[in-house]
Amino acid sequence: TTAPVSNFLRAIIDNDNAAGTYKRDGMPAVITRFPPEPNGYLHIGHAKSICLNFGLARDYNGVCHLRFDDTNPEKEDQEYVDTIMDSVKWLGFDWQASAQNGGGNHLYYASNYFDTFYAIAEYLINAGHAYVDSQSPEDMAANRGDFSRPGVNSPFRDRTASESLDLFRRMKAGEFADGAHILRAKIDMASPNMNMRDPAIYRIRHAHHHNTGDKWCIYPMYDYAHPLEDAIENITHSICTLEFQDHRPFYDWIIARAAEGGFFKQPVPRQYEFARLNLTYVVTSKRKLRQLVEQNIVSGWDDPRMPTIVGIRRRGYTPESIQLFCERIGVTRSDGWIDYSTLEGCLREDLDPKAPRATAVLRPLKLIIDNFPEGENISCSAPVHPHHPERGNREFTIGKELWIEQEDFMEEPVKGYFRLFPGNKVRLRYGYVVECTGCDKDENGNVIAVHCNYFADSKSGTEGSANYKVKGNIHWVNAADALEAEVRLYDRLFTDANPDAGGKDFMVLLNPNALEIVKAYVEPGMKDVTPDTRLQFERHGYFVADRVDSVVGKPVFNRVTTLKDSWGK
Ligand code: ATP
Ligand code: MG
Ligand code: MG
């Protein structure tokens, strides 16, 4: 492993470490967190945040918390909690006791802090920093003002602390309907930062919560809860995406007020923003991903075309390739687009040295070796990996009838075509040199079989083979021992590089060829392949045995990516 590349966050941490900012008894100097809301599946954008937060903790002997930001009773569900934990683990990170993460169990639920959030809210009311507002939602919105004009104070802003406290307690007791009152921080209705214009911090919601059940009918707002969660957990560097930059003044304000009230000690957490991941040809909005699932455009959250972690995992991406990708794209404060091919490049880089090689014929055409002895099948072998002879050989046979790729024959070759055409010689890789003699066609003129003769002394690995110099080298499987397999050829889900961009209807930009299913023939050893096995089909690309549908003896393969970047060329 190489030393991590520095970035602005590492520079900040280095400075804090040098200054001893977070020198606290018995606590690591770096505590980060990954705080998903359990309201959907994680996607490749979340992977960037996971690799960043867990990676910093790992590299600075710190700790990273997995925290479910579950303060919103609607839309949250145990199903999402489970899949998020699964995805974080699969990516190679661990919130549980591990040397990598400082020991201890670092799994947290924001909903476990509801009592503390509530106590802080009462403190804020008593200290004159919060009030219950009883304006209608319409009046509240109108009085908030906008960027061009200051807001107007609520007529309830100067109500006494005891009156606010009484109302707040009755809100909690369930005396009022949703929306009847709201608790607001008392800051500045004229602030140029809209987030500082007396933001709402508690609202009434008569709703069941997946963790706390029906205990609460008031719930804290995200902007109130999130900084307090960080402070409760002694987070040092709270890292979020750039759109939260304008929320930072309130982040600091609320923690400072709670610290004055004795709820937190210095040093308190600080927020830092980085640019979110935008990946070409991909949408990462939870709402849009849900639409793809609900309208059956894809087969589910784990469809191999989905940018969800469960989707890219099923597609065949490795955790190592995702980590490499996150490292390579780096962390900056300026928004930009990362080309999808960068992700594919990382997968190739990870799998090329690892993946065993195999042969698959994806669009089969019969090749008949007319001078081959009838009924005979001769053993052939090929390396499992070309650079690792110690990994041994794959065994298969060659016989009179083979399957080759349709595109490896042209009756009338184009210029520069070196594969099979009448009169031309090619090498059947790991087998013999053959000379094409012609083809059979059906009544519509479609080629249904190709004929050739072989040279018995040309077998690969024998002395005689050196006497044959041919330009074409094609792959094949023996019809007598090949295994039939379903192969799913996946491609980008959208035809447009920025399907998410403003104003575009992403649903009309779907790539109709994002999935092609072919009946392929694969070499006989593939009968033993277990689900999740990744390999390279020579000349085709990287494939994985589908973790859901593949079974031993009856494999189903997904194409992760082709060998070279061919998109848009
Ligand atoms: P929403 O707010 O619509 O529910 P979200 O994508 O923000 O969706 P969260 O569960 O709040 O979902 O995200 C968890 C963490 O992942 C946050 O810290 C967030 O900043 C980070 N994150 C989300 N999307 C990206 C992205 N595209 N690139 C980098 N980080 C991201
Ligand atoms: Mg969210
Ligand atoms: Mg969010």
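User: In strand E22, which residue is the bridge partner of Arg-488?

Analyst: Strands of a sheet pair through backbone hydrogen bonds, either parallel or antiparallel. In this predicted model, Arg-488 has Ile-517 of E22 as its bridge partner. Strands here are DSSP runs of E with at least two residues, helices are runs of H or I with at least four, and both are numbered from the N terminus. Two strands count as paired if DSSP finds at least two bridges between them.

User: How many bridges do E21 and E22 share, and in which sense?

Analyst: E21 (residues 483–490) and E22 (residues 515–522) are antiparallel, with 8 bridges. E21 also pairs with E25 (residues 556–562), this time in the parallel sense over 3 bridges. There, Val-487 stands opposite Phe-557 of E25.

User: Before we go on, what should I know about the numbering and the confidence limits?

Analyst: Residues count from 1 along each chain as its sequence is written, while chains are lettered from A and ligands numbered from 1 in the order in which they are written. As a predicted model, it needs pLDDT of at least 70 for local features and 80 or more for side-chain atom pairs, whereas totals for chains, interfaces and linings use all residues.

User: What is the strand order in the open sheet of 4 strands?

Analyst: Read it as E4-E5-E6-E7, with antiparallel pairing. Strands E4 (130–133) and E7 (218–220) are the edges, each pairing on one side only. Neighbouring strands are turned by 20° against each other on average, direction ignored; axes are lines fitted to C-alpha atoms, for helices over the stretch in contact, and angles run from 0 to 180 degrees between N-to-C directions.

User: Which helix packs on that sheet and touches E4, E5, E6 and E7?

Analyst: That's H4 (residues 114–126), whose direction makes about 95° with that of E4. Contact means C-beta atoms, placed from the backbone, within 7 Å. Helix H6 (residues 161–173) also lies across E4, E5, E6 and E7, at about 65° to E4.

User: Why does ligand 1 lie between domain 1 and domain 3?

Analyst: Both domain 1 (8–110 + 223–276) and domain 3 (277–358 + 484–569) give residues to its shell, so ligand 1 lies between them. Domain bounds come from an automatic or database domain assignment. The shell has 14 residues, with Pro-36, Gly-45, Ser-49, Arg-276 and Leu-277 the closest; a residue is near if its C-beta atom, placed from the backbone, lies within 6 Å. Helix H2 provides the largest share, 4 residues.

Note on methods: Two residues are in contact if their C-beta atoms, placed from the backbone, lie within 7 Å.
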